[in-house]
Each structure stands twice: as C-alpha cells, then as structure tokens.
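Trainee: Please show me the model, and then let us work through some questions on it.

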Amino acid sequence: MKTTRFGVSMDGSLLAGLDALVRRKRYPNRSEAIRDLVRGALVEREWDAARGDVIGVLVIVYDHRRRELSSQLLTREHRHPGGILTTLHLHLDRDNCLETKVIRGKPAAVRAIADELMSMKGVKYGRLIPATAGKKLR
Ligand code: NI
C-alpha cells in the first residue's frame, strides 16, 4: 500500500503533549504515534457501527464496603445473563475492588450494560474498552 506524506499543524502545547506521548510510549517517531491514535479511533468507530455482536471490556473500581453495592452489582448483572461473559475480580486494597467484565452484544446494548454498572453509586472509576478483531464476530 502506498504511503502518503501530509503536513499536520498543531499549537505548541498540543505538540508538546504529542512529544511526551512519543517518549512515554516509546514510539520511534511522531508518525507512528499518530498512526496508532488514528487506528484506535477507527476501531472504536467500526465497533459502534457494527451490525452484529461486539465485545467490550469494562473496567470498574468500587468500594466494597459501600452498603449492598456488591449484591446490587450482581443483581444487575443477572439481568443480562448472555451479555456478561466473564468477570475477573481483584481485591485492590482493604477498601477497593477492581473488576473487569467481558461483555458481548450489539454495540448499543454493550454500552447500555456498561453505563448501567458504571453509574452505580460507589463505583469510583469505570471505563469501557471496545475490542474488535477487525471483522465480524461469529
Ligand atoms: Ni474485592
């Protein structure tokens, strides 16, 4: 495939941020960093536009001492028996638990399940990572 060069303009602070990213992630150059960012954005777009099932990985951190949160999470998860394929639970410290959940379904349904869990009181951090193999899942 032919590679095309093109100019990119950005202000100084954004460029400083890009250079910091290049150093931190050890990219060989700015071009590779920009290519990676574009690929990441395209994966997410492809994921959202998919007609079939997609996979999302949800990461949440919550305070397990928060009253009933663990059982409320379980109750909600049981409403989506086919959606949440697996959960990994890690006791982060005395108070906090980290869970990753692999969710499968139509893009909007996966986002809805993730939003439902992330928005619960006591969930301190939540992030959904769209995952794709770059083609339709069977
Ligand atoms: Ni725990």
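Trainee: What is the relative accessible area of L92?

Mentor: This is a predicted model, where local features need pLDDT of at least 70 and side-chain atom pairs pLDDT 80 or more, while totals for chains, interfaces and linings use all residues. Residues are numbered from 1 along each chain as its sequence is written, and side-chain values use heavy atoms, without hydrogens and water. Buried means under 20% relative accessible area, exposed over 50%, and partly exposed in between (1.4 Å probe, protein chains only). L92 counts as partly exposed because its value is 43%.

Trainee: Where is L92 in the chain, and with which residues beyond four places in sequence is L92 in contact?

Mentor: L92 sits in the loop between β2 (84-91) and β3 (96-105); strands are DSSP runs of E, at least two residues, numbered from the N terminus. Contact means heavy atoms within 4.5 Å. With neighbours within four places left aside, the partners of L92 are V61, C97 and L98.

Trainee: Which residues are the protein donors of the nickel ion?

Mentor: Donors are N, O and S atoms within 2.8 Å of the metal (3.2 Å for Na, K and Ca); water is not among the atoms, so sites may look incomplete. The donor residues follow the spacing H-x1-H-x5-C. At 2.0 to 2.4 Å from nickel lie H89 (NE2), H91 (ND1) and C97 (SG).

Trainee: Is C97 buried or exposed?

Mentor: Another donor, H89, is partly exposed at 34%. C97 has a relative accessible area of 3%, so C97 is buried.

How values were computed. Helix = DSSP H or I, 4+ residues; strand = E, 2+ residues; numbered from the N terminus.
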